[in-house]
Structures are given as structure tokens and as C-alpha cells.
Amino acid sequence: MQFSLSCVLLDPGRINPETFKQEPSVFFYTLGLFNAGTEAFYQKILVNYSLFACREGFGSALMGEAGAEDAAPPQAVLERVKDFGQEQTLALWKELNTNERDLLIKDLESLDLPRVDRIIKHSLAQRDRPVLKLEPVPEASVSTIEERTLEEREKWWSMGLKAICEGKLAVVLLSGGQGTRLGSSEAKGCFNIGLPSGKSLFQLQAERILRVQRLASQSVADGRVIRIHWYIMTSPFTHDAIRKFFESRKYFGLESEQVTFFQQGTLPSISKEGRIIMETPYQVARAPDGNGGVYSALKSSKCLDDMAMKGIKYVDCYGVDNALVRVADPMFLGYCIDKGVATAAKVVRKAYPQEKVGVFVQQGKGGSIRVIEYSEMDSSMAYAINQETGRLQFNWSNVCLHMFSLDFLNQVTEELEQDSIYHLAEKKMPSVDGHILGIKLEQFIFDAFPYATSMALFEVLREEEFAPVKNASGNATDTPETARILVLHLHTRWVIAGGGFVTHSVPLYTTGVEVSPLCSYAGENLEDVCRGRTFHAPCELTA
């Protein structure tokens, strides 16, 4: 058998190419058997083999296999990973074929190892540091709904519209997440929550921008066209799909030039000792760096430079999975300008003491404002009552609706990068050792708040501005159904306030009228289209 195969190799004309392609390992193994023969005889076989392989166009990779076992990793790569204590990334080098080795080298070379090393060390060191005593946010830092006068609301609305007309506002959308928890393989923004219009979250938000642009244009004497630039943060997993979604729908009426897509980064997943985990023998385990990755992504993508060039001074930033988000809210913008703060956040009151939401706190007496997760609060904090107001002491929930000055964004981006402290999230993840408990490194959007020299909180009603879409149908809260009902109920109240009537053939608590954002942004200007009219729910009121 060995002699027969040797004849085949010595006479390339007798080789069946299809057999070789299907069983290359047989021929390769036969070559190995002859290694024990004379050197001249082996070389003759190898020469004939290589001639045949080159002629048939598939020999280069296999010839690489022949010497792969003895090849060492490139010295520069080996020294680089050793310098940062990550040589385990090359542990399975000898088991890889040539193509896999190339993939591994490219993957390792794509890592900014000095930065990754700094993040790992700083984040692990922070894990054991004591936390300062947490205090309730001072009442003076919160603009509550009952304290706002009509005069203030009108002033802030006008101030905001004026800034928008002057081109000073940009909008940043955090849209890196996939709809996995919703049972969808698409990006979250592509999700249709079942409104009568069938609009996706992306479309609802785009049309709210269009409406604000129209309101701003109507507020100036010359009626000039106003455009708000929309920066949309994607992830490596959603970027192409989101771009195609917008392109195929002609940007929902926006100009393509006013929409910029940029990607958040990823970081290696690590063990509790800080060692990089390998997902496969030739691929580093990576995960998106959290919605707080927006800060480094805005810088690396040159979006901050683009904003400065456009004359933008303020940035409205929000998460995609909120069906009631008031994008580019003129009143919120005007409030921030009036208060002269570096950053601000919209807040809602906690529904009940143990609601699973992050809350705003003050870090020590007179310290900075920050957000803590519900898991960081013990029951005594959760149930503590402010005796003066009768509200919970730790009452203000974070709903990811933020405003930043561009100056602060530039400052905090540098400071966050310098400190390089990330949250450590333990997750089950695939690895070369099977599914293991590893650590994902994440930053959150609220990590910037402690760096602000001034910050204010702006209360809004959750039934008017917060309809989260986080869980799949069938769950108790934050589902497409609960979000849809919140939208329909709010819009139905608008229609009735505008003088309209609503009829329904199913219980009203399950249905309602949808008002197109192109028709009204926050319930304004509906009298002319609603007064005296009857709407049979479910239906959509269009412009």
C-alpha cells in the first residue's frame, strides 16, 4: 500500500484531483510515512507532490501544513503577549493549522494590549476598594413636576427651540444591543411593538426628530429648514444590519447626511485572575464594552470632532429600547441651558421600594451624583422615607435619558480613558475549556456623572416618557405589549384632550389611538384634527 501511494506521488499524472481534494489527509499522512526512508527519496516525493499541488491550485495551504507542527509563533507576537502576561493565548499553537495560526495572529495583533492591560489591572484593583457612604440626592438638585411653573416650562421650551434653530443640539442613540431577549435576531431598534402603524422603534424616534425640526422651523420668522444631526451607535454585531435597515427605508424621511453611524468597541473577556479567555484555540473571547463605550467610541470615530465642526454645543443621549422617548426634547434642553450644568438626566419616581431599577445617589456628603444598581441597595436604603417630602429617600430612577454639554463630553472621555475602570460582569461564556464563568468588562453611560462639576435631575412622568421594551412577550413587565399599551393610552388621552372621541370594540385598557409623531410631539396642536371627530380604536392618527 505504501509503495502504491508512493508511485502516485512520484507520477503526478496518475493522481485523481477529486480524490486528492476529498482525502488530502491520506496523501499527507503517506508523505509522513516516507520520512523514515532515505532523505533523497523523501525529497523526490515532496518535490513531485509540490509540483502537482501547485498545478492543481490547492497545494499552498497543505504544504504549509507539512511544516506547521515545527513552526513557532512569530517572535514579536510571542514577546508582546508575554510582556502583558497573556502568553496563554498561544497555548494551543501547536494544534493549529496554518490558516488557524494566521487567524490567531491577526486577532492578537488587533488588540491594543497596553490599553487592555491597563483596563484589566485598574478594574480588578477597583473591585476591593471601599465604597463611600451613599446619601440621597439633595432635593435642590431635582426639578420636580409639581414645583415647575407654567412660566418656567414655556421659557425652557423656547430656549430649547432657539438652540435647536441655531444648530447647537445633536442626538446620540445607544443602539448596540441585539433583540435576543425579545426573541428577535434583529437589532432592538428594528423591533415592531405592534402599534396600529406597525412602525419600528427606529421609525418612531426618527419621526420625533422630524417633528421637532418642524416645530423649530415654525418658531423662526424666516421658516428656514432646521436639521438635527443623529449619531447612532451600533456594535460589530448590529452595524451592517442597522445601516441597511435605514437605507432600505430612506432614513424615515430624514436626510441621509444628517445620520452618522459609529460602532462601539469590544474588549476581551477575562478570568478572575485577569487572563484573557480564548473562545476557540485561535479566537479571543470578546464582548461589547457596554453602553458607556459610547464615550471612547465617539472619540475614536471622530464624532466629537464632527460635532465641534458643526457648531454643536449640547448632546441628547438615550437608549433605543424606550417606545415613549422624547428625542431632542426642547424643554429638557432649555432646562439644561438655563441651569448651566455640565450634564443632566431625566428621572422618574420609583414605583415601589424594591423596584429593580438603578437610582441616583450622592457619593458622600456634598459629593458627586452617581447611579447605583438596585442590587447595591440594602432594604434599609430601599425603604427609607424622607420625612419632609414623604417620598422615598432614594427615589429617583435612572431611565437612560441624558443631556451633555459637548465640553463635558470631551473632558470626561479623556478622564474615563485615563482611569480605565470598568464594571466586572460575571457571565457564562464559551471557551476552549467549555462553558466557563468569565468576566465581561463594561462601562455604563452613567459612569460619566461623578466627573461632572455640575449636574441636575429633571423629573418626568413614566407614563409619558418611559415605555421600556426589554423582555419577550409573556413576561410580566417591560414587554412589547406593555410598551404598546403605554403608548396607546398616552396618545388616547391626547386625542380626548384635543376634543376627540374614542370608541372601541374591545376593552379600552387593551387598545387605543396611536398619534403619529409627525402629527404631534407631546400632545400639542391636536385640536384642529381632533375636535368633534370620533376615532375607533385601535387606529392611527396621521398628519
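Me: Which ring does the charged end of Arg 249 sit over?
Reply: The ring of Phe 245, with the charged end 3.7 Å from the ring centre. Sitting over a ring means NZ of Lys or CZ of Arg within 6 Å of the ring centre and within 35 degrees of the ring normal. By the way, this is a predicted model: local features need pLDDT of at least 70, side-chain atom pairs count only at pLDDT 80 or more, and totals for chains, interfaces and linings use all residues. Residues are numbered from 1 along each chain as its sequence is written, and side-chain values use heavy atoms, leaving out hydrogens and water.

Me: How many aromatic pairs does the structure hold?
Reply: 17. Rings of Phe, Tyr and Trp (its six-membered ring) pair if their centres lie within 6.5 Å; planes under 30 degrees apart are stacked, over 60 edge-to-face, the rest tilted.

Me: Why does the pair of Phe 332 and Phe 458 count as tilted?
Reply: The planes are at 40°, so the pair is tilted, and the ring centres are 5.5 Å apart. Phe 332 is in helix α14 and Phe 458 in strand β17, 126 residues apart. Helices (H or I, at least four residues) and strands (E, at least two) are DSSP runs, numbered from the N terminus.

Me: What sits over the ring of Phe 458?
Reply: The charged end of Arg 148, 3.8 Å from the ring centre.

Me: New topic: is Cys 539 buried or exposed?
Reply: Buried, at 18% relative accessible area. Buried is under 20%, exposed over 50%, partly exposed in between (1.4 Å probe, protein chains only).
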